[in-house]
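This briefing is arranged by topic for reading beside the model. Please keep the sequence and the 3D view open while going through the points.

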Amino acid sequence: MYSFDGMRVLVVGGSSGIGLGTAKVAFEAGADVTIAGRSEERLAGAAKAIGGNVTTAVLDATDDAAVTDYFAGSGAWNHVAVTIGKGGRGLIQDLDMATAYAAMDAKFWPYFRIARAAEIVTGGSLTFVTGGLGQRPAPAASVLSAVNAAVEGLTRGLAIDFSPTRVNAVSPGAIDTPLWDQLSSDARKAHYERIEATLPAKRMGQPEDVGQAISMLMGNPFTTGVVLQVDGGSMLL
Ligand SMILES: NC(=O)c1ccc[n+]([C@@H]2O[C@H](COP(=O)([O-])OP(=O)(O)OC[C@H]3O[C@@H](n4cnc5c(N)ncnc54)[C@H](OP(=O)(O)O)[C@@H]3O)[C@@H](O)[C@H]2O)c1
């Protein structure tokens with residue numbers, strides 16, 4: 001495990017799921033952690049779950065002015081992780097343009113916006129979260145595939161433009177987070193059982209599995225421009 005003793009680590013999306021798992025891992029590695037999200041209540045719950053002195057910031061990453069203002073006043077960060085994004089499933093003929101734009105607005109543009117605004121110290125890093133669909137499409141997910149592939153392209157481009165700041169991404173497979181609350185409990189159970197039966201790793205991913213991968217990308221000084229799969233071997237199937 002890398003040590004982040006005294007380092008300032010920001011997790012945008014740190015109030016839930018993969019972001020919360022990332023914040024926990026960074027906190028346990030000694031970082032001075034800030035978690036950002038839209039809901040003050042969720043942030044407070046997450047800070048309690050982490051169980052230590054964590055700073056919270058109410059921030060809507062879809063809001064240009066709010067992001068610019070926040071980073072203008074937040075000072076320089078050692079490591080920034082962005083773990084937000086939602087929506088956009090459906091066959092293209094069933095999706096109206098507003099829904100397709102909304103999927104890009106909820107993920108790609110916030111990542112781009114935060115990358116523009118955040119000040120990261122030399123030797124620091126920026127890490128994004130994409131998703132397996134970015135490389136291997138599934139039925140009725142072409143927009144989600146495009147959003148995640150766009151974030152992967154942004155990752156590689158920024159790794160060059162922001163050098164020597166390192167820019168990486170993790171590409172999670174199925175991770176047990178509140179994102180799956182959209183399914184009924186029966187459908188969720190069946191989905192998890194299918195994953196546990198078929199994946200080479202024979203388990204559902206946990207948020208801390210992705211958090212540990214993100215902490216490796218933050219801490220390893222020779223890794224940049226990488227999209228790291230953390231998917232239990234899903235790409236092998
Ligand atoms: N879970 C999986 O199986 C899985 C698999 C592949 C890829 N992914 C990707 O991983 C990312 C994180 O997923 P997750 O499962 O961790 O989701 P999650 O549990 O729903 O967490 C999303 C986090 O992002 C925050 N957030 C959402 N929109 C925001 C905004 N506009 N501004 C600031 N914060 C915002 C949420 O807080 P508020 O709502 O309070 O703002 C929450 O803290 C997503 O991009 C998802 O597509 C997930």
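**Overall form**

With 237 residues, a compact globule would have a radius of gyration near 18 Å, and the chain agrees with this at 17 Å; the radius is taken over C-alpha atoms, and the globule rule is 2.2 Å times the number of residues to the power 0.38. The model is predicted: local features need pLDDT of at least 70 and side-chain atom pairs count only at pLDDT 80 or more, whereas totals for chains, interfaces and linings use all residues. Residues are numbered from 1 along each chain as its sequence is written, and side-chain values use heavy atoms, with hydrogens and water left out.

- The chain contains 8 helices and 7 strands, which are DSSP runs numbered from the N terminus (helices: H or I, at least four residues; strands: E, at least two).
- Along the principal axes, the C-alpha atoms fill a box of roughly 45 × 35 × 35 Å.
- Of the 237 residues, 48% are buried; buried means under 20% relative accessible area, exposed over 50%, and partly exposed in between, with a 1.4 Å probe and protein chains only.
- Among contacts with a separation of 6 or more, 70% are between residues 24 or more positions apart; contact means heavy atoms within 4.5 Å.

**Charges and salt bridges**

- The chain carries 18 positive and 23 negative side chains, and the centres of the two sets lie 5 Å apart. Lys and Arg count as positive and Asp and Glu as negative, while His and the chain ends are not counted; each charge is placed at NZ of Lys, CZ of Arg, CG of Asp or CD of Glu.
- Side chains of opposite charge can pair when their charged atoms come close.
- A search of the whole structure gives 6 salt bridges, each defined as a side-chain nitrogen of Lys or Arg within 4 Å of a carboxyl oxygen of Asp or Glu.
- Because aspartate 64 lies in helix 3 (residues 64-74) and arginine 113 in helix 5 (residues 108-117), the pair ties together parts that are 49 residues apart in sequence. Aspartate 64 is partly exposed at 46% relative accessible area, whereas arginine 113 is buried at 16%.
- Another salt bridge links aspartate 176 and arginine 188 (3.4 Å, N to O). Aspartate 176 lies in the loop between strand 6 (166-172) and helix 7 (185-198), and arginine 188 in helix 7, so this pair ties together parts 12 residues apart in sequence. Aspartate 176 is partly exposed, with a relative accessible area of 27%, and arginine 188 counts as buried at 18%.
- Lysine 189 and glutamate 193 also meet in a salt bridge (3.2 Å, N to O). The two residues are 4 apart in helix 7 and therefore separated by about one helical turn. Lysine 189 is exposed at 52% relative accessible area, and glutamate 193 is partly exposed at 43%.
- Salt bridges that share partners join Asp176, Asp181 and Arg188 into one network.

**Helix 5 and its cover**

- The buried residues of helix 5 are Phe108, Pro110, Tyr111, Arg113, Ile114 and Ala115.
- The elements covering these buried residues of helix 5 include strand 1 (8-12), helix 3, strand 4 (77-82), helix 4 (97-106), strand 5 (120-129) and helix 6.

**Selected buried positions**

- Threonine 165 sits in the loop between helix 6 (142-161) and strand 6 and counts as buried at 11% relative accessibility. Not counting residues up to four places away in sequence, threonine 165 touches Ile120, Val121, Gly124, Ser125, Ala159 and Thr224.
- Glutamate 152 belongs to helix 6 and counts as buried at 3% relative accessibility. Its contacts, leaving aside neighbours within four places in sequence, are Thr130, Gly131, Gly134, Gln135, Ser171 and Val227. Glutamate 152 and phenylalanine 108 are 44 residues apart in sequence and 9.7 Å apart in space, C-alpha to C-alpha.
- Methionine 204 is located in the loop between helix 7 and helix 8 (207-219) and is buried, with a relative accessible area of 4%. Methionine 204 and alanine 174 are 30 residues apart in sequence and 6.3 Å apart in space, C-alpha to C-alpha. Beyond residues up to four places away in sequence, methionine 204 touches residues including Ala174, Asp176, Trp180 and Tyr192.
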